[in-house]
Amino acid sequence: MLGSIQRIESPMRRFSEGEEVDYVIVGVGAGGGVLLQRLARAGFRVIGFDAGPFWDTERDWVSDEKGAHNLYWNDMRITAGEHPLAFGANNSGKGVGGGTVHWASFTPRLHPSDFSIHSTDGVGVDWPIPYSDLKPYYELMELELPVSGPSYYPWGDPHGYPYGPHPMGGVGDALIRGCTNLGIGVSAGGPVAILSGSRANRPHCIYRGFCIQGCKVGAKASTLITHVPDAIENGAEIRPNCMVSRIHVGATRRVTGVSYFDSDGRACFQKAKAVIVAGYSIETPRLLLNSACPGFENGLANSSDCVGRYLMAQAGNVVLGRFEELVRMYKAPPAHALTEEFYETDAKRGFARGFAIQTVGPLPMSFAKQMMVAKGAWGWGLRSVMMDYNHWAAFGFLGEILPNADNRVQLAEEKDRLGIPIAKITFNLYDNDKKLIEFGKNKTMEVMWAAGAQEVVQEARYAHLVGAARMGDNPETSVVDQFGRTHDIANLFLCDGSIMPTQGSANPGLTIMALAARAADYLIREGAAVFKSEERNTQKPPIRRDLSPPDTWGHGMPRI
Amino acid sequence: MNSQTERVDTRPVNTRTGKPIGPISQPGYYPGFSTLAQQKFWDAKTREVVLDRVINVPEIRFFSQQEARLLEAICDRILPQDDRDESHKIPIVPQIDRRLYENSHDGYRYEDMPPDREAFQLGLRAVEEIAQHEYRLGFLEIGPREQEEILHSLHHGKPSAGHEIWKQLPIHRFWMLLVSDCADAYYSHPWAWDEIGFGGPAYPRAYMRLERGEAEPWESEEKRYQWKAPDSSVSGVFEPVAGQAEHLGSPGQGGAH
């Protein structure tokens with residue numbers, strides 16, 4: 001069961017052991033899920049590996065904070081640096097659907113300016129493609145998920161959404177009130193990948209507030225329910241609970257397949273004509289580095305020494321305000337209103353790039369820890385502030401942190417239970433980041449005060465990962481080209497957030513999916529050439545609008 | 001200070017009546033509200049998981065008896081429950097013990113921290129050392145006020161002893177680990193949800209009153225009263241955690257945007 005009424009009716013194809021397939025995809029999350037579905041639809045023989053389970057959402061998931069612990073990547077990682085990142089629940093997924101299983105599902109696009117921040121602001125790096133190359137894929141994904149939101153979204157490249165905006169909860173009301181009192185534009189009811197009306201075998205949202213514990217309703221999009229069923233219908237195989245440990249390279253400097261541990265811990269090999277790694281910003285570089293072999297001593301696709309480097313997180317301070325009246329922020333999706341009024345560079349602020357302010361809705365366990373950090377609450381203080389839980393609202397500041405070569409993923413000495421070296425992540429903030437966070441945090445607090453809060457506190461944290469195997473035109477400074485093909489190995493591709501050169505202040509999920517759909521069009525156009533040729537066609541592929549899952553077309557087409 | 005510890009009242013005080021609160025079955029501003037009373041409206045899996053938490057309190061398997069008793073005394077001050085009657089105290093140590101026994105964690109470890117199991121064992125030893133240093137008594141033998149003073153010194157990052165241990169165990173990280181484990185155990189329990197007026201699981205029934213903090217028909221209205229921490233306590237005020245400068249990262253990072 002996927003959600004309360006969705007079922008996958010057809011049996012899943014099983015490739016026999018020793019059978020060579022066209023593509024192996026490592027990781028069935030935001031990127032891997034979309035790519036798997038399209039390659040299967042186009043007739044390729046493809047297997048998606050995931051280190052975690054194939055969820056039965058009705059049987060496996062709960063409306064419970066603590067009970068959601070198994071949705072995250074809980075294998076050990078070492079976090080280091082002056083500003084060490086938190087992992088686990090914060091920014092990872094394990095299981096089919098990956099992080100989209102527990103994302104809050106804010107789905108804003110990047111702005112056109114995000115693709116050329118080096119040219120315009122002299123910071124970070126430009127993308128190898130402009131916004132216009134990704135725009136049609138944003139539009140496709142907004143229909144396929146689909147995304148609910150206003151019919152006119154004013155920031156970046158203005159556009160509208162196919163499904164109507166959601167009703168407000170208490171936190172959204174506070175954000176709208178605060179922004180309106182300060183003359184700041186605000187978007188109410190989206191963009192979020194949550195159904196505001198039913199569609200096919202997916203019911204509409206019931207506002208239960210447990211989005212980030214996994215949506216049992218089936219209203220919130222995850223690739224598990226939006227793309228994976230169609231992939232299976234079209235002949236893709238998914239191998240859940242299988243941890244890929246190494247990518248193999250043959251004599252011709254082309255990849256030949258992957259080693260993995262199956263659900264019983266048995267070491268296996270899968271032969272493939274091409275391999276696509278979609279394990280996100282920690283596991284993707286970890287696998288490339290762990291696949292080092294003669295001829296690729298520093299890891300696969302790492303001649304640039306960029307694998308693992310330029311890792312980014314978004315600044316994600318949570319600003320909490322206490323109100324005289326009740327809020328009950330556990331109701332409604334945590335994600336339901338935002339402003340991108342501060343997204344673009346404003347020279348007067350003294351730093352480059354900007355930030356968004358979004359609603360968040362921490363449940364009691366998370367809120368208790370936020371109070372511990374933000375107010376120093378413990379003992380009777382903790383008990384008393386928690387009794388006021390229903391009086392608090394929370395905003396998430398989402399700020400752009402710039403790429404830096406020293407923010408990186410490396411291998412630690414320590415190994416996991418399968419004997420695979422674990423990742424060590426080093427993260428530091430730099431001058432522009434610090435100024436941006438200081439300004440954005442204060443602005444978010446100002447909005448909370450303007451909403452009528454009597455007390456405003458904040459907790460420093462980070463959200464979302466991207467980068468660590470970035471794309472670019474220059475093989476000396478990037479890992480993959482604009483289609484996700486590694487510069488070093490013609491039949492090895494990456495398709496996840498790790499290839500993003502910069503991150504903007506938009507939640508990355510939609511962009512990862514749009515990049516995956518674009519990569520799929522490229523691979524489909526190239527056809528069998530990928531499997532034998534060293535030629536690199538850099539022509540843009542035609543856009544395939546006929547590869548969407550069923551029920552994509554004919555509903556709520558945005559006019560703008 | 002000597003071993004004389006008189007029996008102090010550790011219950012919070014109603015500031016209007018001046019009388020201590022409890023022990024009662026349900027503190028908080030939502031008297032009579034019960035999330036468990038709604039369990040027939042929950043999905044089967046959620047009901048199973050939440051009821052298991054309430055009914056099947058795990059036995060102690062990781063900590064020694066002595067460690068468990070010490071940790072229990074610490075948790076009694078980090079998440080005091082003196083206002084709750086015996087049959088409605090929320091078990092904290094069994095949940096921490098289970099986590100460590102199963103070696104369950106959040107998927108990362110700070111480079112300067114030992115693994116959680118070791119961190120707890122080291123931290124307990126350090127707390128005991130401070131008690132010996134300050135009072136020449138075990139932590140279990142001193143009064144609640146003295147116990148709180150020791151924990152307060154961890155909060156402020158200035159413990160008077162255990163320095164060899166703190167070299168391997170950054171004080172503020174241990175303090176955060178300890179408080180967050182206590183918070184996880186307490187606020188994952190449906191009795192705590194009743195206390196704070198959190199509606200709890202709402203699938204498949206849904207919430208329908210989203211705005212103005214309105215209660216669902218099956219939720220309770222807030223009935224506030226003024227209260228304060230017991231006079232014997234130092235934990236009723238809010239003071240920043242020392243050493244927890246922003247650059248050191250924080251553990252309250254659960255959940256995504």
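User: How many residues of chain B are in contact with chain A, and what makes two residues count as in contact?

Analyst: In this predicted model, 66 residues of chain B are in contact with 84 residues of chain A, where contact requires that the C-beta atoms, placed from the backbone, lie within 7 Å. Local features need pLDDT of at least 70 and side-chain atom pairs count only at pLDDT 80 or more, while totals for chains, interfaces and linings use all residues. Residues are numbered from 1 along each chain as its sequence is written, with chains lettered from A and ligands numbered from 1 in the order in which they are written.

User: Which element supplies the largest share of the side of chain B that touches chain A?

Analyst: The largest share, five residues, comes from H7(B), and among the other elements that each supply at least two residues are helix H1 (44-55) and strand E2 (109-110) of chain B. Helices (H or I, at least four residues) and strands (E, at least two) are DSSP runs, numbered from the N terminus.

User: What makes H9(A) roughly parallel or roughly antiparallel to H7(B)?

Analyst: Helix H9 (residues 364-375) of chain A and helix H7 (residues 171-187) of chain B pack at an angle of about 150 degrees, with their axes 9 Å apart; axes are lines fitted to C-alpha atoms, for helices over the stretch in contact, and angles run from 0 to 180 degrees between N-to-C directions. Because angles under 35 degrees count as roughly parallel, over 145 as roughly antiparallel, 65 to 115 as roughly perpendicular and the rest as oblique, H9(A) is roughly antiparallel to H7(B). The residues making this contact include A:Met365 and A:Met372 of H9(A), and B:Val179 and B:Tyr187 of H7(B).

User: How do you know that strand E3 of chain A pairs with E2(B)?

Analyst: Two strands pair if DSSP finds at least two bridges between them, and two bridges join strand E3 (residues 78-80) of chain A to E2(B), the strands running parallel; the bridge partner of A:Ile78 in E2(B) is B:Arg109. Within chain A, six bridges join strand E6 (residues 243-249) to strand E7 (residues 255-261), which run antiparallel, and A:Met243 stands opposite A:Phe261 in E7(A).

User: Why is chain A called as compact as a globular protein of its length?

Analyst: Chain A has 13 helices and 18 strands. The radius of gyration of chain A is 22 Å, close to the 24 Å that the globule rule gives for 560 residues, and therefore chain A is as compact as a globular protein of that length. The radius is taken over C-alpha atoms, and the rule is 2.2 Å times the number of residues to the power 0.38.
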